[in-house]
Amino acid sequence: MNPVETHGLAAVEQEIVRACKEARRERASVTLIAVSKTFEAEAILPVLAAGQRVFGENRVQEAKAKWPALRDAHPGTELHLIGPLQSNKAKEAVALFDAIHSVDRESLCEALGKALPACGRAVELFVQINTGEEPQKAGVAPQDADAFIAACRERYGLPIAGLMCIPPVDEAPAPHFALTAKIAKRNGLPKLSMGMSADFATAIEFGATHVRVGSAIFGHR
Ligand SMILES: *Cc1c(COP(=O)(O)O)cnc(C)c1O
């Protein structure tokens with residue numbers, strides 16, 4: 001392994017350790033998801049060689065093309081879907097991913113409710129909250145979150161593990177992280193997928209259990 005190729009990963013790890021210390025949290029309470037979307041195997045291999053085992057992709061087809069071979073060669077690798085999922089790809093998604101961070105519509109819940117028992121694998125599910133109420137962005141509106149989470153559980157039998165958010169690019173992220181944490185808490189959800197390259201330390205301060213970091217590890221896309 002060439003240390004130069006993984007200095008991004010090392011720097012992110014250092015920053016996670018620092019943020020955990022400051023928030024008086026255990027390092028083990030935060031999972032780093034290395035977001036490898038758009039990067040080819042040759043860019044991913046050094047990060048795997050450095051010991052990173054949790055990766056995020058935003059498209060089913062891209063992940064399907066890249067990951068089966070990488071995964072066979074690196075046992076224990078976990079793959080998370082962090083991008084939008086079409087209902088007609090639910091079956092493929094649950095066969096490939098260990099976690100889905102973008103549950104946000106009842107039609108998708110219905111598809112997952114059928115696909116999950118059939119696939120026989122455990123897949124961790126996160127409901128995406130559109131905290132900025134941006135019309136172009138996926139996710140459930142904050143005021144609809146409680147009812148949606150209840151429907152996931154009761155109507156579709158989906159065990160929801162936590163919430164995910166992507167704050168608007170032009171706003172301070174902290175209020176969005178705080179709102180997501182508040183909705184999770186009142187719904188008894190222990191996991192929070194929040195924080196990207198620019199703001200993962202802030203997300204850790206607000207209780208993130210999963211940070212999704214791409215460019216700070218792999219470079220610009
Ligand atoms: C691309 C992406 C990330 C990673 O973004 P960076 O700014 O490169 O760290 C995180 N979350 C989601 C949902 C993404 O699509």
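This note covers the ligand site and the aromatic pairs of a predicted model.

1. Basis. Residues are numbered from 1 along each chain as its sequence is written, and side-chain values use heavy atoms, with hydrogens and water left out. In this predicted model, local features need pLDDT of at least 70 and side-chain atom pairs count only at pLDDT 80 or more, while totals for chains, interfaces and linings use all residues.

2. Ligand shell. The residues around the ligand (a heavy atom within 4 Å) are V35, K37, I82, M164, I166, M196, S197, R212, V213, G214, S215 and R221. By class, six are nonpolar, three polar and three charged, with Val, Ile and Met among the nonpolar types, Lys and Arg among the charged, and Gly counted as polar.

3. Polar contacts (N or O atoms within 3.5 Å). The side chain of K37 has an N or O atom 2.7 Å from a ligand oxygen. For R221 the distance from a side-chain N or O atom to a ligand oxygen is 2.8 Å. R212 places a polar side-chain atom 2.9 Å from a ligand nitrogen.

4. Aromatic pairs (ring centres within 6.5 Å; planes under 30 degrees apart are stacked, over 60 edge-to-face, the rest tilted). The count is two. F39 and F218 have ring centres 5.2 Å apart and planes at 25°, so this pair is stacked.

Technical notes. A polar contact is a pair of N or O atoms within 3.5 Å; within protein, one must be able to donate a hydrogen and the other to accept it, and residues adjacent in sequence count only if both atoms are side-chain atoms. Rings of Phe, Tyr and Trp (its six-membered ring) pair if their centres lie within 6.5 Å; planes under 30 degrees apart count as stacked, over 60 as edge-to-face and the rest as tilted.
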